[in-house]
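Okay, my turn today. Have a look at the sequence and the model on the screen, and then I'll walk you through a few parts.

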Amino acid sequence: RRVLFRSMMGDNGTTNTGIYKLEGDKLTICRPMRDGGARPEIFAAPEGSPNLVMVLTRLNADEKPIAEEKRLADEKAFRDAFKDNGDGTVTDKRTGLMWQKDHSNEPTTWQGAGRYCGELALVGHSDWRLPSKGELVSLWNDGGFRSTESSFYWSSETDPETAVFGRLAWIVSFKDGRVSHAPTSGSNKDFLNYVRAVRLGK
């Protein structure tokens, strides 16, 4: 198991903070915090020695969050909020919406996103559509498909208040839940986003 420890090494009080792996009496530092590198260092108690090589104190979670613990918490939140239908779809237990489990293979334009949903024939359903901004935000809030990458997803809605700039559609980041805009013009290849289709779960 990997845990976050602060270690006091030897008599000189040297401090090493990082991600460590514990296996019996053997301690492996997997990622030192001081340089962010991935240099493995193994420390083991001498055989038969009554003395520990290191004195370890586990850091509080609020002092240095552990990425692995957050990932596990996100996975649990997903399991609690969604039913995996085992056929490439999941159902949001709160809203009843059925979501495509995988997103589009490549980012695309807003028009391409609409075509993608219209042509999708998943698990015998042909009524897949592009989700609204509110549905995407709800999916994020319910813990669905959160990502460590900065991936934006198209919504079906445009923002009328941005008409002066041309038609801009709402997009939602599944890294941090941020809502933004992107041009709907099919000729604008600089604003490509991913697609995750939705339908009423029946």
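This is a predicted model: local features need pLDDT of at least 70, side-chain atom pairs count only at pLDDT 80 or more; totals for chains, interfaces and linings use all residues.

Residues are numbered from 1 along each chain as its sequence is written, and side-chain values use heavy atoms, with hydrogens and water left out.

So, D87: it's partly exposed, because its relative accessible area is 33%, and the cut-offs are under 20% for buried, over 50% for exposed and partly exposed in between, with a 1.4 Å probe and protein chains only. D87 sits in the loop between strand 6 and strand 7. Strands here are DSSP runs of E with at least two residues, helices are runs of H or I with at least four, and both are numbered from the N terminus.

What does D87 touch? Leaving aside neighbours within four places in sequence, D87 contacts L122 and V123, where contact means heavy atoms within 4.5 Å. D87 and L122 are 35 residues apart along the chain, yet their C-alpha atoms are separated by 8.6 Å. The side chain of D87 also makes a polar contact of 2.6 Å with that of T89. A polar contact is a pair of N or O atoms within 3.5 Å; within protein, one must be able to donate a hydrogen and the other to accept it, and residues adjacent in sequence count only if both atoms are side-chain atoms.

Now T89 takes us into strand 7, residues 89-92. Both faces of strand 7 are covered: T89 and T91 on one side are buried, and so are V90 and D92 on the other.

Zoom out a bit and you get an open sheet of 4 strands, in the order 6-7-8-12, with antiparallel pairing; two strands pair if DSSP finds at least two bridges between them. Strand 6 (82-84) and strand 12 (198-200) are at the edges with a single partner strand each, so one side of each is left without a neighbour in the sheet. Strand 8 and strand 12 are joined by 3 bridges, and W99 stands opposite V198 in strand 12.

What about the core? The largest nonpolar core has 15 residues, and W128, L130, W154 and V195 have the most contacts inside it. By nonpolar core I mean buried Ala, Val, Leu, Ile, Met, Phe, Trp, Tyr and Cys residues joined through side-chain atoms within 4.5 Å. Helix 2 supplies the largest share of this core, 3 residues. Not counting residues up to four places away in sequence, L130 touches several residues, including W110, W154 and V198.

Last, the whole chain: 3 helices and 12 strands, with buried residues making up 36% of its 202 residues.
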